[in-house]
Amino acid sequence: MVGKATTHHHQHLTVPTICVSDSDLKFTHVLYNLSPSELYEHAIKHEKGSFITSSGALATLSGAKTGRSPRDKRVVKDETTADELWWGRGSPNIEMDEHTFLINRERAVDYLISLDKVFVNDQFLNWDPENRIKVRIISARAYHSLFMHNMCIRPTHKELEGFGEPDFTIYNAGQFPCNRYTHYMTSSTSVDLNLKRKEMVILGTQYAGEMKKGLFSVMHYLMPQKQILSLHSGCNMGKDGDVALFFGLSGTGKTTLSTDRNRILIGDDEHCWSDNGISNIEGGCYAKCIDLSQEKEPDIWDAIKFGTVLENVVFDEHSREVDYTEKSVTENTRAAYPIEYIANAKIPCVGPHPKNVILLACDAFGVLPPVSKLSLPQTMYHFISGYTALVAGTEDGIKEPQATFSACFGAAFITLHPTRYAAMLADKMRKHGATGWLVNTGWIGGSYGVGERISLKYTRKIIDAIHSGELLNTTYKTTGVFGLEIPTEVEGVPSELLDPINTWEDRDSYKMTLLKLADLFKRNFRVFANYKIGGASDLADEIAAAGPNF
């Protein structure tokens, strides 16, 4: 019997009519925009492997797939996308035809309709109200609904009542595999985008990140049509309103350097740069958890509380305390939480035009300077290159750095050719007076195994000097081969460290390693140099000229 003390009132929302096939079949039971508390209850009751941890976060499992499946992601190639999208060598866009998409869509819809309930989220992307996108996510798991509740922008009750038809819809039937004998399929997993129909279908993977990054690919297609630049970057703002963008692949320090207690966080991963300024695409953060500690990442640590989704973590059976060092499920453990869980987040997540564009590289070859000021052509070149270096495994006691390039620092998610985004970036930087910087957070004094990693203390001093404008008012000299402008002094950083050749004992070895890296850059850029925008453009050639010269 329910007493008065426990009586509660639920503000009911009008559930939209969702027609999902040509025959207008409807879902039997739609659970529409449930609260985190309601989604917790559904997950714990009905989804194996879902538990409340000691911090209050919901721990859950994504099944066999614990990361994205880029080789199983397909885009419908039709009369429009055939000319607009980047296809072929180097492109992340793997084609499929409309007919195959419809087969997979029907399979996903049939599975979802067979369930006794489905979860539906109506939400927004992009904090800029003039340019936001309405998205609808239809999924079978409470975990997926809560994940997207956190990652997209949460509408008010009034906004939901007038939501109307979405601009894009996801059918997430991830528990159900695709038919491997269907044309274009290479496994039981398929993540399919149809930009003309404005739909995405997920089969054969329950990894929630597919939804987040699938929508990011959609934004990379839709936003440039409005002359808005979509960016895979972190973004923060100083007390005086100076905005900085941070680009960097895994291991470069992007999260660490963009999360600054002295600055306000606009967003950690996805942004739009329009005529109105900068805006976060998302309503939440999707942070890596492996080896997470309160000491090293206090902001992320404090954000893991009730409402947060913890993916594939391991915890104590009795105390429910998470062991963030445990990798037995995957190294790709993650936390998804609303951005307001970060204490110094700026709400709404918008800001003025960026003043600094910081490209981060962890150079394990040890030849790039700790900081370089870039010209606009150089910014475009290094933006398209998207370089960092990974440390390879040990083989007969020898460790050799491995160069990694990811166009626009997010090759897996872009839909247009990289030069399109680079040209838009240069145009906006020129128009709004932004400065480009290349910051090496990797090695000095030799390659990995000989030299040492640049002290984070010095890198922070460099970033502070960029934010303050100090580096705009100092003297520079130009390096050989890459032609980079490097400052002769930065407050708090030993001057000899600013030019890497000074830190190498063997200068001949330095020069050989420098030429080796420059050659890797040139080889990588060949993929882009032959591309002509609209059939006749030498933009790629102009950008290539800003690269290494030897």
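Y448 counts as partly exposed, because its relative accessibility is 23% (buried means under 20% relative accessible area, exposed over 50%, partly exposed in between; 1.4 Å probe, protein chains only). W443 is buried, with a relative accessible area of 10%. W443 and Y448 form an edge-to-face aromatic pair, 5.1 Å centre to centre, with 75 degrees between the planes. Rings of Phe, Tyr and Trp (its six-membered ring) pair if their centres lie within 6.5 Å; planes under 30 degrees apart are stacked, over 60 edge-to-face, and the rest tilted.

The model is predicted: local features need pLDDT of at least 70, side-chain atom pairs count only at pLDDT 80 or more, and totals for chains, interfaces and linings use all residues. Residues are numbered from 1 along each chain as its sequence is written, and side-chain values use heavy atoms, with hydrogens and water left out.

The protein contains 13 helices and 31 strands. Helices (H or I, at least four residues) and strands (E, at least two) are DSSP runs, numbered from the N terminus. The radius of gyration is 24 Å, close to the 24 Å that the globule rule gives for 550 residues, so the protein is as compact as a globular protein of that length. This radius is taken over C-alpha atoms; the rule is 2.2 Å times the number of residues to the power 0.38. The C-alpha atoms fill a box of roughly 80 × 55 × 50 Å, taken along the principal axes. Of the 550 residues, 57% count as buried. Among contacts between residues at least 6 apart in sequence, 72% join residues at least 24 apart. Contact means heavy atoms within 4.5 Å.

A search of the whole structure finds 21 aromatic pairs. W443 and Y448 make up one of them. Another edge-to-face pair is formed by F482 and F521, at 5.2 Å centre to centre and 80 degrees between the planes. This pair links distant parts of the chain, 39 residues apart. F482 lies in the loop between β30 (476-478) and β31 (485-487), and F521 in helix α12 (residues 507-529). Both F482 and F521 are buried.

H382 counts as buried, because its relative accessibility is 5%.

Two lysines sit over aromatic rings. K134 lies over the face of F163, 5.5 Å from the ring centre. The charged end of K522 sits over the ring of F550, 5.1 Å from its centre. The criterion is NZ of Lys or CZ of Arg within 6 Å of the ring centre and within 35 degrees of the ring normal.

The largest nonpolar core has 126 residues. Such a core is a set of buried Ala, Val, Leu, Ile, Met, Phe, Trp, Tyr and Cys residues joined through side-chain atoms within 4.5 Å. W273, I304, L310, Y337 and F383 touch the most other members. Helix α12 supplies the largest share, eight residues. A second, separate core of 22 residues includes V30, F101, A140 and V201.

Five strands form an open sheet of mixed pairing, in the order β2-β3-β18-β21-β17. Strands pair if DSSP finds at least two bridges between them. The edge strands, β2 (51-52) and β17 (284-288), each pair on one side only.
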